[in-house]
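These are my notebook entries on the structure shown below. I set down what I looked up, one topic at a time.

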Amino acid sequence: MADVLPGERPQLAPPVDDTGPLGWVRKNLFSSWGNGITTVVLIVAIGWILSGFLHWAVFTATFDAKSGAECRGHGACWALIREKYRYIFFGSFPYEQHWRPLFAVVAMLAMLILSSDRRMWNKRLIAIWGVGSFVAFLLMFGQIHISLGLILFVALAAGGLGMILRGAIATPGELNGWRALAAVGALGLIGRITGVIPTWSLAIAPLSYVETGLWGGIPVTLILATYGLVFAFPFGILLALGRRSNLPLIKGLCVGFIELIRGVPLISLLIMASVMLPLFLPSGMTIDKFLRAQVAVILFAGAYIAEIIRGGLQSLPKGQFEAADAMGLNYVQKTTLIILPQALRVVIPPLINTFIGFFKDTSLVLIIGIFDFLNTANQALVDPNWAGFPGEVYLFAAFIYFCFCYSMSRYSKHLEIELNKGTRR
Amino acid sequence: MKRRLFAAAIGAAALVASGSALAGKDLDAIKARGAVICGVPTGIAGFAAADSQGKWIGLDVDVCRAVSAAIFGDSEKVKYVPLTSQQRFTALQSGEVDLLSNNTTVTLQRDTALGLDFTAITYYDGQGFMVPKKLGLKSAKELNGATVCVAPGTTTELNLADYFRANKMTFKPVVIEKVDEIRAAFYSGRCDVYTTDVSSLAATRVANTPAPLTPDDFMILPEIISKEPLGPMVRHGDNQLTDIIRWTQYAMLEAEEYGITSKNVDEMLKSENPTIKRILGVTPGMGKALGVDEKWVYTIVKQVGNYGESFDRHVGSGSLLKIDRGVNKLWTQGGLQYAPPIR
């Protein structure tokens, strides 16, 4: 009291029922009669549902059983998950080699987590994805054969792309590097086609070969969603740019493609890829079922991403385009240096949203007989020894999906705040 | 109508595709590849389903294993391709699989217009109706106005419509693709009746009735409204492969008829019975005629079992499904399973 100046009153602490937990409860839960009643009713309802759920899922549940018959008459049959979790996660992949899909999934998750760090958003990311994808697919396939033709084609494509994109802004040395790469690719391909260079393929085969028909579970879901989006992203950028192009033919093609794909459900694309496409191929020629589904997902995702990116392009003020023109930049320079970096920054959160959607949409591949995570969970229900416990299996599947999707949506939110720091007050 | 046009389109495409096929081509491809590619259903309890280790097991799967045993002397040289009922014919026509063992009903249209061939009947099934007992029904003739759960795109759906039209009754279909969802819809009361093949109804009733209901709360009505002979299919064009698949099934039946089982097959090699000697290749000739190893039946029975063993293990008394052998008994026991002699 001594430090109170004459003529002033000491500041009193607020009343007890306005502060602390009690105050919070009073202010937020029981501020009026109506609120009080709502609170009580909801707490009772939540408690009732939760106690029922816990009774089923924990207190009367069976955690250890030899077959479903031992579970009958009790609560949840978690013994089923215990028996089937390896099948649900990895499908028909050879049982004793389940470490391979496990590490492939770890590699893919590591790539996704590394890509989520903004400090990695540069050339390093391409290297990470190149090495990571190679490791993941090597683990899944066990053996990878890369034909010389493919290597040459990639060299030609990379060299050509580098020449176009870096055309006027690269140092002469770099440009010559791209030119050399493209020339090697082109000459090699010509040699290959005319038969001057013999057939040869790079075989990397440390493990036993496992075909895509045996893949299942989490790796399939992750591969379809991740690579669906990775390949759809550049494709979507081209489509979005094409849709804004001044050339009527390109614009028409892009608009037609986007509207056609967006106008049909993913299921119909998958059915087309799996039922109609084989009929158009020559007899005896088949394209891997998994690859067909992957291409269908890429086409579908491409159309959606194109529209998202178009939104980003439209959000840019016209001044940016004009300023780029005034600087004397050509179309490629304008797009890669000025427009896209700004447009893509805007659309990253909605892109992650799309990724979450596709992560779940991939379960539609069931209708063409590919076993992604949800479908292996479904398959676990078919075993007559364990039939009759769909609730447990679907809860488990839902939990795993939730873990993936919730972390992605948290990340999306975090990123939204990060990217908008410049414009936030 | 749409479906029929679609089927016609597939049929036409298949005719074009199969025109260039040569005899023996598919078998050569199988041998060169070192594995039979077998189209199986995407999970039907007892017929084809993956176990906890991801291995395919079931009655349909045993057909594939037996064919592999006949061709390679090893029942494990099979690649399984799970196919939905919409995909299966295209997959076979386009060469994605070598044979379908896919719970497929033999019909004239499928045998002809689709450009496919049936081999032998591995399972005689028929479509029936399952209802809750509390409805107090005695016969399918009383089902007028009922809500019926049925899977799309199968003969089941067509048979259902035919049966109700023929008996001047109406019904409200609830069409659901996934078998688990059909079951859930039926058990939750969304439909009064669940119709599919009796084998599947029996399996559903025993294994899938959710607590607190019990299997005794449900009954299968006595009417069987269709013939559903199920059997493996191949493309037109390779008669030798067709023969091998057909006689693989017959061999499993013959083995059962003559009492050859996976347990006693080694002793049976010493049998004096000339028929058994011919079947097991002790007296050579049969394998050569078929273009496989003389020990083909021995391998099939040793590694897969005879038909009765396979039936009991997967769907019959040795399994949880406990489907009555019924018309699938051997002809000697009053059933329909009758194999032409191996001689």
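**Helix H11 of chain A**

I began with helix H11 of chain A, residues 289–315, which has 27 residues and reaches 39 Å from its first C-alpha to its last, close to the 39 Å expected at 1.5 Å a residue. The expected span is 1.5 Å times one less than the number of residues, and helices (H or I, at least four residues) and strands (E, at least two) are DSSP runs numbered from the N terminus. I then looked up burial: 19 of the 27 residues of H11(A) are buried, so the helix is largely enclosed by the rest of the structure. A residue is buried if 20 or more other C-beta atoms, placed from the backbone, lie within 10 Å of its own.

**Model and confidence**

I note that this is a predicted model, in which local features need pLDDT of at least 70 and side-chain atom pairs count only at pLDDT 80 or more, while totals for chains, interfaces and linings use all residues. Residues are numbered from 1 along each chain as its sequence is written, and chains are lettered from A in the order in which they are written. For chain A, pLDDT (the predictor's confidence in each residue, from 0 to 100) averages 85, and 97% of the residues score at least 70. Confidence in chain A is lowest in strand S2, residues 201–204, at a mean of 77, and highest in helix H9, residues 248–262, at 92.

**Contact with chain B**

I found that the contact takes 31 residues from chain A and 35 residues from chain B, where two residues are in contact if their C-beta atoms, placed from the backbone, lie within 7 Å. On the side of chain A that touches chain B, H10(A) gives the most, with four residues.

Terms used
Buried ≥ 20, exposed ≤ 12 C-beta atoms within 10 Å, placed from the backbone.
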